[in-house]
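Please read this note with the model open beside it. The points go element by element.

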Amino acid sequence: SVDRYLLPLLPLALCLGFWALRGLRPSFGAAWVIVAISAVISIAGTRDFLEFQNATWEVARAAIEGGVPLTALDAGAAWDGYALYDYSVAHHLAPQTPDEPWWTNLFAPATTSDYVVSTAPLDGYQEISHQEVPNWLDGHPTLIYLLQRAEPAS
């Protein structure tokens, strides 16, 4: 996400905003309304993100409990780093996933990505299951899929 790159611009934007409003008398009521709206959006966004991450990890845990080998599962950067980083480093593994996403190379070279937790169907994978995650900021739930790499036609 771009927020970590834009966040350093926030102090500059605030200074420019205060400079632009230097001759106006501030309305504390309007300022508190803006603060309240920002707080509601921030809380809802944080809640949606945490629910999304929780659902992703639930799908990954269910896959492992259902017999998917840990080294065959790619459930995103956070999961892969938590579950496979130490194993990958200890065994000095080169990336096992063909055309790997960036995080498997950095955090989990041990994964083969034969099973993937994703928010969308992927070419070359078939759906095993999916789970809905309700959102506060978006009226539509997010779908989280457990996908299995399709076997090549023999």
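1. Basis. This is a predicted model, in which local features need pLDDT of at least 70 and side-chain atom pairs count only at pLDDT 80 or more, while totals for chains, interfaces and linings use all residues. Residues are numbered from 1 along each chain as its sequence is written, and side-chain values use heavy atoms, with hydrogens and water left out.

2. Helix H3. Helices (H or I, at least four residues) and strands (E, at least two) are DSSP runs, numbered from the N terminus. H3 covers residues 28-65, 38 residues in total. The expected span of a helix is 1.5 Å times one less than its number of residues. Just after H3, Gly-67 has a positive phi of about 110°.

3. The buried side of H3. Buried means under 20% relative accessible area, exposed over 50%, and partly exposed in between (1.4 Å probe, protein chains only). Among the buried residues of H3 are Arg-47, Asp-48, Trp-57 and Val-59. Their cover includes helix H4 (77-90) and the strands E1 (73-74), E2 (115-118), E3 (125-133) and E4 (142-149).

4. The sheet. Two strands pair if DSSP finds at least two bridges between them. Four strands form an open sheet in the order E1-E2-E4-E3, with mixed pairing. E1 and E3 are the edge strands, each pairing on one side only. H3 packs on this sheet and touches E1, E2, E3 and E4 (contact means heavy atoms within 4.5 Å). The direction of H3 makes about 30° with that of E4; axes are lines fitted to C-alpha atoms, for helices over the stretch in contact, and angles run from 0 to 180 degrees between N-to-C directions.

5. Strand pairs. E1 and E2 run parallel and are joined by 2 bridges; Asp-74 has Val-116 in E2 as its bridge partner. E2 and E4 run antiparallel, with 4 bridges, and Val-117 stands opposite Leu-146 in E4. E3 and E4 are antiparallel over 8 bridges, and Glu-132 stands opposite Leu-143 in E4.

6. Both faces of E2. In a regular strand the side chains alternate between the two faces of the sheet. In E2, Tyr-115 and Val-117 lie on one side and Val-116 and Ser-118 on the other, and all are buried.

7. The core. Which residues touch the most other members of the largest nonpolar core? They are Leu-73, Val-117 and Leu-146, out of 15 residues. A nonpolar core is a set of buried Ala, Val, Leu, Ile, Met, Phe, Trp, Tyr and Cys residues joined through side-chain atoms within 4.5 Å. H3 gives the largest share, 5 residues.

8. Helix H4. The buried residues of H4 are Trp-79, Asp-80, Leu-84 and Ser-88, and they pack against H3, E1 and helix H5 (102-107). H4 has a kink of about 55° centred on Leu-84; the bend at a residue is the angle between axes fitted to the seven residues ending there and the seven starting there.

9. Two loop residues. His-92 lies in the loop between H4 and H5, and Ser-113 in the loop between H5 and E2. Phi is positive in both non-glycine residues, near 50° for His-92 and near 60° for Ser-113. Is each one buried or exposed? His-92 counts as exposed because its relative accessibility is 71%, whereas Ser-113, at 2%, counts as buried.
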